[in-house]
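The entries follow in the order I looked things up.

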Amino acid sequence: MSPPVHVEVVQKLQSRASKDYIKEMVHSLLINFVSISPGSSLTEKDLEDNLDLTEHVQMISFCDIDHETEVSVTQAEFVYHIYKLDSFGAETDTMTDSSTGEEFAAADMWALPSQEFHGLWETLIYDTKLKEDTVRFVETAFDFADKGVDPNVVGWNRVVLLHGPPGTGKTSLCRALAQKLSVRLSDRFPRARLVEINAHGLFSKWFAESGKLVARLFERLEEIVADKRLLACVLVDEVESLAHARRAALSGLEPSDSIRAVNALLTQLDRLRRRPNALVLTTSNVTGAIDVAFVDRADIKRRVGPPSARATYEILRGCCSELMTRGVVAPREPVFELRLLEDSRFAESESSRPSLRLWEVALEAAAALMSGRALRRLPFLARALHARQPGAPDLLHFVMALRAALHQYLADAAELEDDSCPVSN
């Protein structure tokens with residue numbers, strides 16, 4: 001039996017319509033379709049002919065987790081998720097170091113689903129089933145808990161560890177995952193929070209008072225998870241700070257109470273994961289430095305590396321489409337999917353030329369192991385520095401500007417590396 005198609009509907013903030021009413025309107029629209037493309041969306045512009053929908057609906061998205069190819073509407077089972085986006089942004093939870101009187105940020109908290117993270121999931125492109133696997137892992141963990149599976153017999157901790165070099169989207173994936181879960185699990189958890197702890201920034205404060213500040217922070221988290229109808233996603237960024245602190249303390253480079261702070265944090269995480277509505281998400285930039293005691297606690301450990309040529313092409317293809325949608329690049333032209341170029345054996349024509357040149361740029365960028373963060377900056381640099389003529393460049397000229405921006409970026413990076421190397425006399 002084919003899995004259901006999850007339809008995510010963003011309801012406008014000013015709308016007072018019930019979810020059932022919106023579900024009926026959206027369903028009436030979809031049954032007129034021939035097929036559904038997973039990963040695609042319908043925006044307000046696509047819905048402008050339907051006045052009832054445009055009054056209440058901001059966007060309709062078809063989740064890409066359970067299906068890879070188009071789904072026939074006559075054979076599809078739709079599961080609807082109707083939700084509003086929180087527009088208040090992050091709330092910073094501050095603490096005061098009693099020894100210095102200095103106030104510092106302990107964590108940032110978002111009510112989910114958040115306007116800030118809307119669309120983030122769709123922009124993350126990986127060669128593996130990383131996104132799909134993480135969602136299925138968490139859904140299974142909560143399903144086991146709901147069914148009363150004994151954790152002493154079958155072990156799981158609801159702890160995710162993503163590791164790899166900087167700029168590969170680890171933190172973004174954790175945020176996007178929390179957002180996705182707040183939508184997918186809304187029947188079980190009508191409310192959701194993301195609590196982001198920066199371990200690297202906090203440890204310098206925590207050493208002074210050992211585990212006291214750790215305990216205070218987790219007292220706040222305990223208040224949050226006390227609401228069993230609330231999904232709490234706790235993100236610990238740069239978790240390798242745990243390993244650094246432990247090694248530094250053992251070698252005498254840091255005060256001995258710093259290791260107590262680390263142990264207190266691990267203990268609190270152990271307590272937190274026993275809560276049936278809590279999920280711990282962690283990232284690390286330095287794989288070899290992750291604390292062994294923490295690694296053992298993680299159920300799923302995945303490396304997030306630089307994008308391959310295929311993923312690079314899709315990232316740049318999405319960037320070009322966005323700029324054409326906004327009129328920065330004009331006129332609007334098709335940027336072919338890579339499989340279409342492959343099916344044609346990369347045959348060149350007037351219509352395929354910009355896509356083929358973009359594939360060449362992707363191959364160069366992937367060979368240079370560019371991070372996803374750097375890739376997404378290239379279109380801006382291309383327009384700012386290499387396509388400076390008045391008016392919007394066409395797609396082919398913009399892709400050539402992208403190539404120039406790539407070469408300049410790599411040259412600048414090489415010079416920076418040369419300057420960082422000591423010169424011997």
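This is a predicted model: local features need pLDDT of at least 70, side-chain atom pairs count only at pLDDT 80 or more; totals for chains, interfaces and linings use all residues.

Entry 1: I then took up one of its pairs, Glu 364 with Arg 403, where the closest N and O atoms are 3.4 Å apart.

Entry 2: I asked how many salt bridges the structure holds. The count is 23. I followed two further pairs by hand.

**Entry 3: Glu 222 and Arg 275.** The side chains of these two residues form a salt bridge at 2.5 Å, N to O. I checked where each one sits. Glu 222 is in helix H7 (residues 212-225), while Arg 275 is in the loop between helix H9 (257-273) and strand S12 (278-284), so the pair connects parts 53 residues apart in sequence. For accessibility I noted a relative accessible area of 25% for Glu 222, which is partly exposed. Arg 275, at 26%, is partly exposed as well.

**Entry 4: Arg 297 and Asp 270.** I noted a salt bridge between Arg 297 and Asp 270, with 2.9 Å between the closest N and O atoms. Arg 297 lies in the loop between helix H10 (292-295) and strand S13 (300-303), and Asp 270 lies in helix H9, so the pair ties together parts 27 residues apart in sequence. Are these two residues buried or exposed? I found both Arg 297 and Asp 270 to be buried.

**Entry 5: the cysteines.** I searched for disulfides and found zero. I wanted to know why, so I looked up sulfur distances against the cut-off of 2.5 Å. For Cys 174 the closest cysteine sulfur is that of Cys 233, 9.7 Å away, which is too far for a bond. Cys 174 has 1% relative accessibility and so counts as buried. For Cys 319 the closest cysteine sulfur is in Cys 320, and the 6.9 Å between them is again too far for a bond. Cys 319 also counts as buried, with a relative accessibility of 14%.

Note on methods:
Residues are numbered from 1 along each chain as its sequence is written. Side-chain values use heavy atoms; hydrogens and water are left out. Buried means under 20% relative accessible area, exposed over 50%, partly exposed in between (1.4 Å probe, protein chains only). A salt bridge is a side-chain nitrogen of Lys or Arg within 4 Å of a carboxyl oxygen of Asp or Glu. Helices (H or I, at least four residues) and strands (E, at least two) are DSSP runs, numbered from the N terminus.
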